[in-house]
Amino acid sequence: MRQLNVGIIGYKFMGRAHSNAWKKASLFFDIPFQPVLKVACGRHLDGLTEFADKWGWEETETDWRRLIERDDIDVIDIATPQHLHAEIALAAAKAGKHLFCEKPLAMTSAQAEEMLRACQASGVTHYLNHNYRRVPAIALAKRMIDDGLIGTVYHWRAAYQQDWITDPNFPLTWQLQRELAQAGPQWDLNSHCVDLAHHLVGQITDVTALTRRFIDQRPLAMEGAMGNLKAEASRTGMGQVTVEDAALMLVNFKNGAVGSFEATRFANGRKNKLSFEIYGSDGAVTFDLERLNELRYFSNRDPDGLSGFRTLLTTDESHPYIKNWWPAGHIIGYEHTFIHAVADFVTALGQGTAIKPDFSDGVAILKVLEAGLKSATEQKTVTIEY
Ligand SMILES: NC(=O)c1ccc[n+]([C@@H]2O[C@H](COP(=O)([O-])OP(=O)(O)OC[C@H]3O[C@@H](n4cnc5c(N)ncnc54)[C@H](O)[C@@H]3O)[C@@H](O)[C@H]2O)c1
């Protein structure tokens, strides 16, 4: 099988999730190329070498520009904070590398448009990793909605709730600094939910939003090679948090549906709870990432006296992606969504087709998120120009 040489930039949380996916995809899916974990890139050689040895990356590189210059790299996997996505993607597209890029696509929709144009000009494949589209239960929800099972959609209701920064001593990491992250949960969490809303319901036309910051100052973080942030925080001073801690949006969809989004890092007890509810003229579907193998479905067509939400365990061979995994009931998890993304990406490369979501979806998502921030600042409804 022809090899596909991958160079990854960033080796922490997403670096690990992606490495696992590049390694496993060909073991579970029939894909046209064999991904090769060729070069891992990061800033610090000590942590990077440990990572590369552990995950089986053949080589290391501390300058992402040198990685992109290499002739033997087919794919650049961008797993860095978003302030670097545009610069890396523009250089990689120019060098003819296919792109597998983490979300949110960029700091602004203008940057994202430039990235999209660069990929279109060079003809490279561009994938934006909103991996939740590839949760089997969510892919099943999409199929059910497209098949008309819940009829005309009236309501979208999403909440993405986490609690990892409720401790005021949690340090000022990159996610809490505007120049590195652009925004807080609006970029990080609502980007996923807006992608799902666009995918499952349709295009959003206007946004009314509010944002709130609960904690203004945090201990400065000096990042160690492998990022032992808490230990360092006690030795340093305080710094200003420059992003919001919670972001709420009300939206209209072009097709007449209405929706709400709630994104927060201050929901104590909620670790990574991405949930949505979709209500239509003939029924409803609801999902909760903390119960990833399940989709709940209500049908108006159920007989009188026997109606109610039922829980579909989405591990049957007929459910999306599942025939490549285990027998029914042998559940899958978070990391599988990344393997699905890599398998679909490599398949798209083999077939010369596009893969969704791509950078054009990233542009649309960022327009909604920007409209949300503008609405919160100006305290008015903002209409989105696509
Ligand atoms: N798809 C998802 O569900 C999901 C989940 C978490 C994060 N993300 C996204 O993934 C991206 C990375 O987030 P993370 O949680 O992995 O962050 P992280 O802090 O865990 O890792 C970031 C990595 O980028 C590296 N890096 C930073 N600057 C660099 C530079 N100049 N050159 C080379 N490497 C550099 C760091 O050394 C680190 O290895 C972000 O855009 C984030 O929004 C996506």
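Please keep in mind that the model is predicted.

Two packed helices are described by the angle between their axes and the distance between the axes.

| Helix pair | Angle | Axis separation |
|---|---|---|
| α5 and α12 (residues 359-378) | about 170° | 9 Å |

On the α4 side, the contact is made by Ala 86, Ala 89, Leu 90, Ala 93 and Lys 94, while α5 brings Gln 111, Glu 114, Met 115, Ala 118, Cys 119 and Ser 122. Sorted by class, this contact has seven nonpolar, two polar and two charged residues.

Now turn to α5 and α12, whose angle is about 170°. That makes α5 roughly antiparallel to α12, because angles over 145 degrees are counted that way. Here Ser 109, Ala 112, Glu 113, Met 115, Leu 116 and Cys 119 of α5 meet Phe 359, Ser 360, Gly 362, Val 363, Leu 366, Lys 367 and Glu 370 of α12. This contact divides into seven nonpolar, three polar and three charged residues.

**Helix α6**

Next comes helix α6, residues 136-146, where Pro 136, Ala 137, Ile 138, Ala 139, Leu 140, Ala 141 and Met 144 are buried. Their cover includes α9 (190-200), β14 (283-288) and β15 (294-299). Just after α6, Gly 148 has a positive phi of about 85°.

**Around the ligand**

Which residues come nearest to the ligand? Of the 21 around it, they are Gly 10, Lys 12, Phe 13, Met 14 and Glu 102. Helix α1, residues 13-28, supplies the largest share of the shell, three residues. By class, the shell holds nine nonpolar, seven polar and five charged residues.

**A loop residue**

Finally, look for Phe 214 in the loop between β8 (204-212) and β9 (217-219). Phe 214 counts as partly exposed because it has 14 C-beta neighbours inside 10 Å. Leaving aside neighbours within four places in sequence, Phe 214 is in contact with Asp 245 and Phe 266. Lys 103 lies 111 residues from Phe 214 along the chain, and their C-alpha atoms are separated by 25 Å.

Technical notes:
Residues numbered from 1 in each chain as written. Predicted model: local features only at pLDDT ≥ 70, side-chain atom pairs only at ≥ 80, totals over all residues. Contact = placed C-beta atoms within 7 Å. Helix = DSSP H or I, 4+ residues; strand = E, 2+ residues; numbered from the N terminus. Nonpolar A, V, L, I, M, F, W, Y, C, P; charged D, E, K, R; others polar. Buried ≥ 20, exposed ≤ 12 C-beta atoms within 10 Å, placed from the backbone. Near = placed C-beta within 6 Å. Axes fitted to C-alpha atoms, helices over the stretch in contact; angles between N-to-C directions. Parallel < 35°, antiparallel > 145°, perpendicular 65-115°, else oblique.
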